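Have the viewer open and follow along.

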Amino acid sequence: MTTPLRLKVIWQTNLLAIALDGSTPFNTYFLTSYYFCPRTNVWEQLKLELDTKLWLKPNEKIVLLNNVADIVNYWQESRDKGTLKIVKRRFTDVTFVKPN
């Protein structure tokens, strides 16, 4: 049985932060810390982090990293144009959180 994984995103005009959470039927837990774009290469940071999770199947890593690439690219192209409501409709498998 694989652990359900979910990307968690903070989406702002000048900042994009992405982390990965895991969950069980009883709990949700952090698998990674947040990686911030444009400060770091989010895709590369998450790839390095996922490579340390030996229990993840290669195809799960590929799907997650493809989703990260899509999110980062979309943010770079439309962060000034779109609303969070539009972004949420586009990325339905992602949890969007408000920063504190």
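## A cis proline in a loop

P38 sits in the loop between β4 and α1; strands here are DSSP E runs of at least two residues, helices are H or I runs of at least four, and both are numbered from the N terminus. The peptide bond that joins C37 and P38 is cis, with omega at about 15°.

Before going on, a word on ground rules: this is a predicted model, so local features need pLDDT of at least 70 and side-chain atom pairs count only at pLDDT 80 or more, while totals for chains, interfaces and linings use all residues. Residues are numbered from 1 along each chain as its sequence is written, and side-chain values use heavy atoms, leaving out hydrogens and water.

## The overall layout

The protein chain has five strands and three helices, and reading along the sequence gives β-β-β-β-α-α-α-β. Its C-alpha trace spans about 40 × 30 × 25 Å along the principal axes. What radius of gyration does the protein chain have? It has 13 Å, which agrees with the value near 13 Å for a compact globule of 100 residues (taken over C-alpha atoms, with the globule rule being 2.2 Å times the number of residues to the power 0.38).

Contacts here mean heavy atoms within 4.5 Å. Among contacts in the protein chain with a separation of 6 or more, 45% involve residues 24 or more positions apart.

## Surface and charge

Of the 100 residues, 37% count as buried, that is, under 20% relative accessible area, with exposed meaning over 50% and partly exposed in between (1.4 Å probe, protein chains only). The accessible surface of the protein chain comes to about 6600 Å², and 53% of that belongs to carbon and sulfur atoms; these areas come from the Shrake-Rupley method with a 1.4 Å probe.

As for charge, there are 14 positive and 9 negative side chains, and the centres of the two sets lie 7 Å apart. Lys and Arg count as positive, Asp and Glu as negative, while His and the chain ends are not counted; each charge is placed at NZ of Lys, CZ of Arg, CG of Asp or CD of Glu.

## The nonpolar core

The largest nonpolar core has 24 residues, and L7, V9, W11, L16, I18, V42 and I71 have the most contacts inside it. By nonpolar core I mean a set of buried Ala, Val, Leu, Ile, Met, Phe, Trp, Tyr and Cys residues joined through side-chain atoms within 4.5 Å. At least two residues of this core come from each of β1, β2 (16-23), β4 (35-37), α1 (42-51), α2 (58-78) and β5 (94-96). Helix α2 gives the most, with seven residues.

V9 lies in strand β1 (residues 5-11) and counts as buried because its relative accessibility is 0%. Beyond four places in sequence, V9 contacts L16, A17, I18, I71, V94, T95, F96 and V97. V9 and P99 are 90 residues apart along the chain, yet their C-alpha atoms are separated by 9.7 Å.

L5 and E60 are 55 residues apart in sequence and 8.9 Å apart C-alpha to C-alpha.

A69, in helix α2, counts as partly exposed at 24% relative accessibility.
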